Amino acid sequence: MLFWLLALLILCGFLWNYKGLLKISDIDDKYVFITGCDSGFGNLAAKTFDKKGFHVFAACLTESGLAALKAETSERLHAVLLDVTDPETVKRTAQWVKNQVGEKGLWGLINNAGILGVLAPTDWLTVDDFREPIEVNFFGLICVTLNMLPLVKKARGRIINVSSVGGRLAFCGGGYIPSKYAVEGFNDSLRLDMKAFGVHVSCIEPGMFKTGLSDPAESTRKKLSIWKQLSPDVKKQYGEDYIAKCVDKLKITQTFMNRDLSPVVACMEHALTSLFPKTRYTVGKDAKIYWIPLSHMPAVLQDFLLSKQRVELDNPKAV
């Protein structure tokens, strides 16, 4: 009896893995739109899917990013300037894409554009510090999705939203974490809404990857700028050497960051080309072994472990 149960489990595992290997056909006849292609995941995805034969629309924020991408890709790839926070520009871009794809529609929409914003203790920040990453990471994503959605529905295609382990576990202050939590919620509601139309919606949750977003020098500069404006009372609570300690912690964190971005792009490819794409893709050993398991643990354990990674305050009682 035990033997047959074990055989059944092995067979189920084989069939589950085999299902994930089944791919779509006619890649060279399909169109994909990717945001945030200046650097990082979006840049590598645009180059990768261009080489594989997709017709890629790569949205860049800057002229320099657009020029660099065009220089490294084929004539099949169309690079376009796009600020996802500008509704009129997004609307015009969607109309342009519609004219390009015609009756075929848009097979893939990859919402990748995002910024970190200011990562600092909550009581250092203003509403505007929170608003900036939320405008880009969440409302920008919604704006692009709503404008491209009719084209994706026509193709019965795929929508891929790039979130973060920060959408499952809050490990720092600032607007980045709330924006990614919001992306997770939007992704789930969109997935349910699109099932009837045959549109698959997937969410990618990368761990700590070294991309254009994670610039330690820029992060330190922002913290120093805010620090200068803090009241003496708050500075006393955190300690005059708090920024220096943060820099040391950041250097340690940087050494453990994933430098190979290809696993994230591989998940994008699976979500685009598999007959049975996954609902969620957790990417990176740190995400699979630490961040996501920790997100399911009791809050008291989360707080204990995350507090160990933070800089200790000099005098938190000096309020």
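This is a predicted model: local features need pLDDT of at least 70, side-chain atom pairs count only at pLDDT 80 or more; totals for chains, interfaces and linings use all residues.
Two packed helices are described by the angle between their axes and the distance between the axes. Helix H5 spans residues 127-155, and helix H6 spans residues 176-194. Their axes lie 8 Å apart and meet at an angle of about 20°. Angles under 35 degrees count as roughly parallel, so H5 and H6 are roughly parallel to each other. The crossing of H5 past H6 is right-handed. On the H5 side, the contact is made by Pro-133, Ile-134, Asn-137, Phe-138, Leu-141, Ile-142, Thr-145, Leu-149 and Lys-153. On the H6 side, the contributors are Tyr-176, Pro-178, Ser-179, Lys-180, Ala-182, Val-183, Phe-186, Leu-190 and Met-194.

Pro-178 belongs to helix H6 and takes part in the contact with H5. Its relative accessibility is 35%. Buried requires under 20% and exposed over 50%, so Pro-178 counts as partly exposed. Asn-137, one of the H5 contact residues, is 41 residues away from Pro-178 in sequence. In space, the C-alpha atoms of Pro-178 and Asn-137 are 9.7 Å apart.

Helix H8 covers residues 232-238 and includes Val-234. The relative accessible area of Val-234 is 14%. The cut-off for burial is under 20%, so Val-234 is buried. Val-234 and Asn-315 are separated by 81 residues in sequence. The C-alpha to C-alpha distance between Val-234 and Asn-315 is 9.6 Å.

Helix H10 runs over residues 262-273 and has 12 residues. From first C-alpha to last, H10 reaches 16 Å. This is close to the 16 Å expected at 1.5 Å a residue. The buried residues of H10 are Val-264, Val-265, Cys-267, Met-268, His-270, Ala-271, Leu-272 and Thr-273. An α-helix has 3.6 residues a turn, so residues three or four places apart point the same way.

A disulfide is a covalent bond between the sulfur atoms of two cysteines. The disulfide count in the model is 0. Cys-172 is in no disulfide, and its nearest cysteine sulfur is that of Cys-246, 11 Å away. The pairing criterion is a sulfur separation within 2.5 Å. The sulfur of Cys-246 has its closest cysteine sulfur in Cys-172, and the 11 Å between them is too far for a bond. Cys-246 has a relative accessibility of 14%. Burial requires under 20%, so Cys-246 counts as buried.

Note on methods. Residues are numbered from 1 along each chain as its sequence is written. Side-chain values use heavy atoms; hydrogens and water are left out. Helices (H or I, at least four residues) and strands (E, at least two) are DSSP runs, numbered from the N terminus. The expected span of a helix is 1.5 Å times one less than its number of residues. Buried means under 20% relative accessible area, exposed over 50%, partly exposed in between (1.4 Å probe, protein chains only). Axes are lines fitted to C-alpha atoms, for helices over the stretch in contact, and angles run from 0 to 180 degrees between N-to-C directions. Angles under 35 degrees count as roughly parallel, over 145 as roughly antiparallel, 65 to 115 as roughly perpendicular and the rest as oblique. A crossing is left-handed if the near helix is turned anticlockwise from the far one by less than a right angle, and right-handed if clockwise. Contact means heavy atoms within 4.5 Å.
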